[in-house]
Amino acid sequence: MRRMNKPFVATRTRRLLALAALLVVAVCAWLLWSAQRSEQHQHHEPMVCALPALPAGAPHTGMVWVPGGILALGDTVYQEEAPIRQIAVDGFWLDRTEVTNDEFSAFVQATAYTTVAERPVDAKAHPDLPADMRLPGAVVFISPTSVSGQGNPTQWWRYVPGADWRHPGGPATTIAGRGAFAVVNVTIEDAQAYARWKGSMLPSEAQWEWAARGAKNQALPDHEQPAQANTWQGLFPVANSAQDGFVGLAPVGCFAPNALGLFDMIGNAWELTRDAYTPNHAVLVSQSAQDPGPGSVRPSPSAKMGQHVIKGGSFLCAPNYCMRYRAGARQGQEDDLAVSHVGFRTARIAPSP
Ligand SMILES: [Ca+2]
C-alpha cells in the first residue's frame with residue numbers, strides 16, 4: 001500500500017504546489033489590477049484652470065505688458081543656444097496664455113480657415129513621401145511600452161492621418177471639453193493667420209525669451225527641471241509619473257505665472273515664434289527694435305529655410321531627454337508639419353499701459 005501511495009502523494013503535492021503557485025499569481029495580478037484601477041480613479045486631471053482677473057480697463061484683452069530691456073539671448077546646455085548675445089528688446093504686449101482651442105475655434109468660425117494639417121500634403125514639395133503621409137494629418141506623440149535607445153524618434157512620433165487641431169490624437173479623438181487647453185497641431189502659417197486676424201503678430205525669439213525670463217537679463221543660474229511647469233517626470237518616453245498633475249497637455253494657466261504674469265511660458269506646448277530657425281545664435285535673424293511688422297519674417301543668410309524657432313519646451317521635456325524646459329532653449333520646427341506638442345501665443349506692438 002505504502003509503495004503504491006508514494007506516487008499518489010507526490011502527484012498530490014505537485015498539484016497542491018501548482019495550485020498554490022496559481023493562487024499566488026492570481027492574487028498578484030488582482031493586486032496589480034486594483035492598484036492601477038485605483039490610481040486611474042485618483043488621477044483626475046482638471047479640464048480648466050481659473051485665471052486671475054486682469055486689471056480693469058486693460059487695453060489689450062488677455063495680454064500683459066512686457067517692459068523693454070537688454071536680453072542675454074541664449075543658454076549653455078545645447079549648441080543651438082550658443083553663443084549668448086546681448087540684444088535690446090523694446091516693450092511689447094504678449095498673450096498671458098497660450099492660444100486655446102476655444103480662441104482658435106472663434107478664429108476658424110469667423111474666417112472659415114482650414115489649417116495646414118487639414119489639407120492634403122503638397123506632392124510637389126514632398127515627392128518621396130509614402131501615400132499615407134500625403135493624407136491630411138499631423139505628427140502625434142504615442143508613448144511606447146519600450147524603446148531601443150533614444151536615437152530614433154519614430155519610436156514615439158507617428159504621422160497620424162486625420163490628426164489636426166480638432167482631433168489632437170487622431171480622428172477618434174476630440175477637443176470636446178478641452179476648450180481651455182492650448183491649441184496644438186498648428187503650423188507657422190496657421191499661427192500667423194490667427195495672429196493677423198487678432199491684429200497681433202507672433203513674438204520674435206528675442207521677445208519670447210525676454211518675456212519668459214520675466215524681463216530679466218540673465219539666464220537662471222541652474223538648469224533644473226522647473227516645478228511650476230507641465231513637463232515630463234520619469235524616464236522619457238516610456239515612464240511618465242505625471243508628478244506635476246498632467247500626463248499630456250494641460251489647460252492653460254494651471255501653474256504659477258512668472259514675474260510678469262505670463263503662464264506656461266515653459267512647458268505644456270512648444271510655442272512658435274516668427275523667426276526663421278538658425279542652427280545657433282552666431283547670426284541673428286531679427287530684433288524687436290527693428291520689427292518689420294505683423295506676421296512678417298526676416299530671413300537671414302544662415303536661416304534654415306522651411307523651419308521656424310519654437311520656444312519653451314513641452315509636456316514631453318524630461319531630464320533624460322530634451323532638457324528644453326528653459327527660456328534660452330530653442331528648436332527648429334518644420335513649417336509644413338503640424339505636431340501634437342506645438343502651439344503658440346501672440347504679441348502686439350502698442351504703447352505701454
Ligand atoms: Ca506633465
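1. Start at the end of helix α3. The residue that follows α3 is G199, and its phi is positive, near 75°. Helices and strands here are DSSP runs, numbered from the N terminus; a helix (H or I) needs at least four residues and a strand (E) at least two.

2. Some ground rules come next. This is a predicted model: local features need pLDDT of at least 70, side-chain atom pairs count only at pLDDT 80 or more, and totals for chains, interfaces and linings use all residues. Residue numbers run from 1 along each chain as its sequence is written.

3. Back to the helix. α3 spans residues 188–198 and is mostly covered, with eight of its 11 residues buried. Buried means that 20 or more other C-beta atoms lie within 10 Å of the residue's own; exposed means 12 or fewer, partly exposed is in between, and C-beta atoms are placed from the backbone. The buried residues are I188, D190, A191, Q192, A193, Y194, A195 and K198. An α-helix has 3.6 residues a turn, so residues three or four places apart point the same way.

4. Most residues other than glycine have a negative phi. N185 counts as buried because it has 28 C-beta neighbours inside 10 Å.

5. N268 makes a second case. Its phi is near 65°, a positive value in a residue other than glycine. N268 lies in the loop between α4 and β7. Is N268 buried or exposed? It is buried, because 32 other C-beta atoms lie within 10 Å.

6. The loop between α4 (205–212) and β7 (270–277) also holds A239. A239 counts as exposed because it has 12 C-beta neighbours inside 10 Å. Its C-alpha is 9.2 Å from that of P144, although A239 and P144 are 95 residues apart in sequence.

7. Check the peptide bonds next. Most peptide bonds are trans. The bond from A82 to P83 is cis, with omega near -10°. P83 lies in the loop between β2 and β3 (85–89). F236 and P237 are also joined by a cis peptide bond, with omega about 0°. P237 is in the loop between α4 and β7.

8. Now find L73. It belongs to strand β2, residues 69–73. L73 is buried because 24 other C-beta atoms lie within 10 Å. Which residues does L73 contact, leaving aside neighbours within four places in sequence? They are I84, R85, I87, A206, E209 and H281. Contact means that the C-beta atoms of two residues, placed from the backbone, lie within 7 Å. L73 and Q218 are 145 residues apart in sequence, yet 8.6 Å apart in space, C-alpha to C-alpha.

9. Finish with a sheet. Three strands form an open sheet in the order β1-β4-β11, and the pairing is antiparallel. The edge strands are β1 (63–66) and β11 (347–348), each pairing on one side only. Two strands pair if DSSP finds at least two bridges between them. Strand β4 (residues 92–95) is joined to β11 by two bridges, and these strands run antiparallel. Which residue in β11 does W93 stand opposite? W93 faces R348 there. Strands of a sheet pair through backbone hydrogen bonds, either parallel or antiparallel.
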